[in-house]
Amino acid sequence: MSMTSRERVLAALNGQPVDRTPICCPTSVATVELMDLVDAPFPDANRQAEPMARLAATAHTLLGFDTVMPVFSIIQESSALGCKMQWEGKDNWPTVRMSEPIWEHPDDIYVPNDLIDHPDTKCVLDAIKLLREDLGPDVAIIGKTMGPWSLAYHCFGVEKFLLLSLDDPAATAEVLQKLKKVTIDFGRAQIAAGVDALTLPDHATGDLVSGEYYHRYLKDLHIEFAQAIPCPLILHICGRTVDRMGFIAETGMAAFHYDSKNKPGESMDVVEGRIALVGNINNPETLFAKGPDDVKREVFANLDAGVQMIGPECAIPLQTSIANLRAIPEAVQEWHAVH
Amino acid sequence: MAELSDIQNQTLRDEIEEYLERPEEIERFIELFTRAKPRLLEIAAGIIEGDDDGVDALTTQALAEGIDAIEIMDDGLIGGMGIVGIKFRENFVFVPEVLSCARAMRAGMAHIEPILSAAGVEKQGTVIMGTVKGDLHDIGKNLCIMMLRGSGFDVIDLGVDVAEDTFIDAVEESGAKVLGMSALLTTTMPNMGRTIEAFIDADLRDEVLIMVGGAPVTQEFSDDMGADGYGADALSCVAVAKDLMTAA
């Protein structure tokens, strides 16, 4: 039985059997090389639907991944909320100027009802529709809606928000409660536009906060998202996260996109099949700096551990080579040929 | 040899007993805190507890009692942050807690720095620090800068999103012998390598020793990029800077 890419991805997200392990990009596989090949450079590809869709499609058409992801960055909603932006050029990621936060207090938070009509969110919805038209029903389209913890970094500044989390837990909870509307509204709008699943980045990373923090501030909210956003959700948190994977596995989300700082075997042991894992090919040391054989070794390690979907650990460096990215689907095919 | 029980401060005894595991570090802090004046033990404990108001008042009090500013900084403020740094390295505390302790240290340093500056205390050297192009994260860099300044370095802070040319200009203008680059994102880490290459292209690589750090950065990545030193956290940043300054 041969499955389409979309069937394969949805089956893996729903814990059902697959004909082979799907290759996914829950964050971004956009590169400068791909931008040149389809004439869809940053920053246009982050702000206009047509180049956004054209660049996103390359994940399937040129790299051989089972998914496409039109939201390359993590800043579309923050721009719509009024954050000061730095859109950059072709070879740099757009960023929010977090040193110039727009809010200082939970009372300052204002989420407009027409957030999804802002040009920087609407272009995502339009790109999703274009991708569905162009790629048809057989490719999985994954969208992205940012979690409230990440949005709070952008709107309050990382340092100020982290200090608030220690100084005033009640105010912190209020911030998260107010910002969850952004996550839900933008997620639902992308479902209406045609996505099959959504990545939900919420950067309560082990490099910044403890697993206990995840449990205290985010676990219940993530359970709420899994119930309120009607499609499979892929939670993305960078860094070392083994200490919170047990909590994450209890959220009801379909998958967790995990970082190479966590070993595949130990991660699978922690989640015990309660949530699928996606990942975790190292970006800076392997995909960016090494060769296809090194990439393949990491793919094999994930497959040997039983990781359900294979892909880079996070958004890849823009200078990553196409050859290294193509090594991921090649390795999956090679592994399945002998297993 | 001093014993843990010789330290005249319960908080510090508890911290050492509960969180320090490496024998050489236990020995160093027992030696420091048995030697330090009681007021400075209170300051160190205040730093660990993130009590900025307390550290502010205690530092004022210590100066009024005639304790030397450098002694307050070394034994109290940096002593306390040393314990915090170890707890961070060992994952006993995370960034919010460290930020809180850093806020307390800043409250103390606000009294100390003007005195040291007026006294013209000789510095260990100048270090240029910046977060690489495309990356606007500065918490780690700022913690490193605070510890470097506390350890006697002059620091030129280039801020975030620093282009290769800006790093080069800063080295040429200041003559600094050590440069530190930070990145929080795996997507921006390659800009460390590009900056090092830019120094090579400008024929300035031999003029400066370069250290790198940041949450996703590793020793292997540092070596691959051709950096001269790697610091996993603010404490090791100071140690690496001292080593590089000696080698420069």
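Reader: Which residues have the most contacts inside the largest nonpolar core?

Author: In soluble globular proteins, nonpolar side chains tend to be buried together. A nonpolar core is a set of buried Ala, Val, Leu, Ile, Met, Phe, Trp, Tyr and Cys residues joined through C-beta atoms within 7 Å. A residue is buried if 20 or more other C-beta atoms, placed from the backbone, lie within 10 Å of its own, exposed if 12 or fewer, and partly exposed in between. In this predicted model, local features need pLDDT of at least 70 and side-chain atom pairs count only at pLDDT 80 or more, while totals for chains, interfaces and linings use all residues. Residues are numbered from 1 along each chain as its sequence is written, with chains lettered from A and ligands numbered from 1 in the order in which they are written. The largest core has 202 residues, and Ala255(A) and Ile47(B) have the most contacts inside it. Helix H6 (residues 95–119) of chain B gives this core its largest share, 10 residues; helices are DSSP runs (H or I, at least four residues), numbered from the N terminus.

Reader: Which residues of H2(B) are buried?

Author: Phe29(B), Ile30(B), Leu32(B) and Phe33(B) are buried in H2(B). Seen down the helix axis, the directions to the C-beta atoms of the buried residues fall within an arc of 165°, so these residues line one face of H2(B). On the other side, Pro23(B), Glu24(B) and Arg35(B) are exposed.

Reader: What covers the buried residues of H2(B)?

Author: Contact requires C-beta atoms, placed from the backbone, within 7 Å. The cover includes helix H1 (10–19), helix H3 (38–48) and helix H5 (69–89) of chain B.

Reader: How many residues does each chain give to the contact?

Author: Chain A gives 27 residues and chain B gives 22 residues.

Note on methods
Two residues are in contact if their C-beta atoms, placed from the backbone, lie within 7 Å. Helices (H or I, at least four residues) and strands (E, at least two) are DSSP runs, numbered from the N terminus.
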